[in-house]
Amino acid sequence: MPELPEVETVRRGLAPTMEGAVIARADVNRPDLRWPFPAGMAERLSGQQVLGLRRRSKYILADLASSETLLIHLGMSGRMLVSGDPLGQFVHEHPAAEKHDHVVLHMDNGARITFNDPRRFGAMDLLDTATADQHKLLAVLGPEPLGNAFNEDHLVEAFEGKNTPVKSALLDQRIVAGLGNIYVCEALYRAGISPTRKAGRISKQRVAALVPIIRDVLAEAIEAGGSSLRDFRQADGELGYFQHRFDVYGREGEPCRTPGCSHEVTRIVQSGRSSFYCRSCQS
Ligand SMILES: [Zn+2]
């Protein structure tokens with residue numbers, strides 16, 4: 001499942017071909033993904049200039065000249081493919097329509113943006129730009145982890161008296177938006193905090209220290225995503241999935257990377273999700 005850095009990488013990959021360009025035509029090849037598409041979506045997209053591409057949590061928001069905003073969510077398996085005339089840096093051939101090409105945006109600059117999603121957990125919606133923040137998916141979100149509103153005071157206050165494990169607290173989108181399983185595991189390893197520790201029982205100093213660590217973990221992953229775009233590793237024009245080196249995530253049974261530690265990475269299941277951590281380095 002794409003996490004925030006992957007979604008940000010997709011946004012950055014789409015920006016050169018979409019921002020400022022007009023959607024000459026939109027093909028909507030089925031009535032729904034996770035939810036039904038909004039009424040008349042193809043007509044409402046066609047002829048609209050894309051004023052800008054933003055990201056909120058794991059949603060990409062394309063602001064249109066019509067004062068509507070196209071919300072794009074990749075879900076579990078959604079992919080954005082860029083093909084057509086080579087205007088952007090990250091354009092590749094994706095000539096024939098494929099089975100799960102659900103929405104295709106034909107840009108007036110010759111680029112073609114394809115939303116392909118075999119499992120159909122993705123979503124697209126159209127909302128009024130002025131009130132986009134009040135959309136049901138966005139209204140519930142806490143501050144962006146890379147924004148100014150996510151700071152030490154906010155996290156200390158959010159954790160105060162909380163009886164849930166810190167892992168669950170950081171996955172709570174009302175506390176911080178867009179953090180997912182992988183990067184919570186990585187941040188807790190770096191902070192030396194066990195994922196099982198109760199959020200309200202961690203000292204304020206250690207909670208405060210989590211803020212820059214979360215920012216760093218995400219920023220490094222976004223940087224890795226940027227490198228993958230620059231290196232043209234994604235030869236089929238698929239944006240957003242990239243190889244990234246994780247310290248604990250997916251490394252059950254492998255040696256802890258902390259110098260001098262002889263323990264192995266442990267995997268436990270919390271609320272149905274895997275947590276990876278070092279029992280010795282994290283307490
Ligand atoms: Zn260790």
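1. Gln49 is partly exposed, because its relative accessibility is 32% (buried is under 20% relative accessible area, exposed is over 50%, and partly exposed is in between, with a 1.4 Å probe and protein chains only). The residue sits in strand β2, residues 48-56 (helices, H or I, of at least four residues and strands, E, of at least two are DSSP runs, numbered from the N terminus). Leaving out neighbours within four places in sequence, Gln49 contacts Gly20, Ala21, Val22, Asp63, Leu64 and Ala65 (contact means heavy atoms within 4.5 Å). Asp108 is 59 residues from Gln49 in sequence, and their C-alpha atoms are 9.3 Å apart.

2. Basis of the values. The model is predicted, so local features need pLDDT of at least 70 and side-chain atom pairs count only at pLDDT 80 or more, while totals for chains, interfaces and linings use all residues. Residues are numbered from 1 along each chain as its sequence is written, and side-chain values use heavy atoms, with hydrogens and water left out.

3. Overall make-up. The protein has six helices and 11 strands. Of its 283 residues, 54% are buried. Among contacts with a separation of 6 or more, 66% join residues 24 or more positions apart. The accessible surface is about 12,700 Å², and carbon and sulfur atoms hold 48% of that area (Shrake-Rupley method, 1.4 Å probe; for residues, only the protein chains shown count as cover).

4. Cys278 is buried, because its relative accessibility is 0%. Cys281 is partly exposed, because its relative accessible area is 25%. A search of the whole structure returns zero disulfides (pairs of cysteine sulfur atoms within 2.5 Å).

5. Nonpolar cores. The largest has 30 residues, and Leu45, Leu105 and Met107 have the most contacts inside it (a core is a set of buried Ala, Val, Leu, Ile, Met, Phe, Trp, Tyr and Cys residues joined through side-chain atoms within 4.5 Å). Helix α1, residues 4-18, gives the most to this core, with five residues. A second, separate core has 28 residues, including Ala158, Tyr183, Ile202 and Val217.

6. Met107. Beyond four places in sequence, Met107 touches Thr17, Met18, Ala21, Val22, Ile23, Ala24, Val50 and Ile113.

7. Helix α5. Why is helix α5 (residues 181-191) described as largely enclosed by the rest of the structure? Because nine of its 11 residues are buried. The buried residues are Asn181, Ile182, Tyr183, Val184, Cys185, Glu186, Ala187, Leu188 and Tyr189.

8. Arg120. This residue is not a glycine, yet its phi is positive, at about 60 degrees. Arg120 lies in the loop between β7 (111-116) and β8 (123-128). Is Arg120 buried or partly exposed? Arg120 is partly exposed, because its relative accessibility is 33%.

9. Ser271. Ser271 is in the loop between β10 (266-270) and β11 (273-277). Ser271 counts as exposed, because its relative accessible area is 69%.

10. Thr266. Strand β10 contains Thr266. Thr266 is buried, because its relative accessible area is 16%. Which residues does Thr266 touch, not counting residues up to four places away in sequence? They are Ser275, Phe276, Tyr277 and Arg279.
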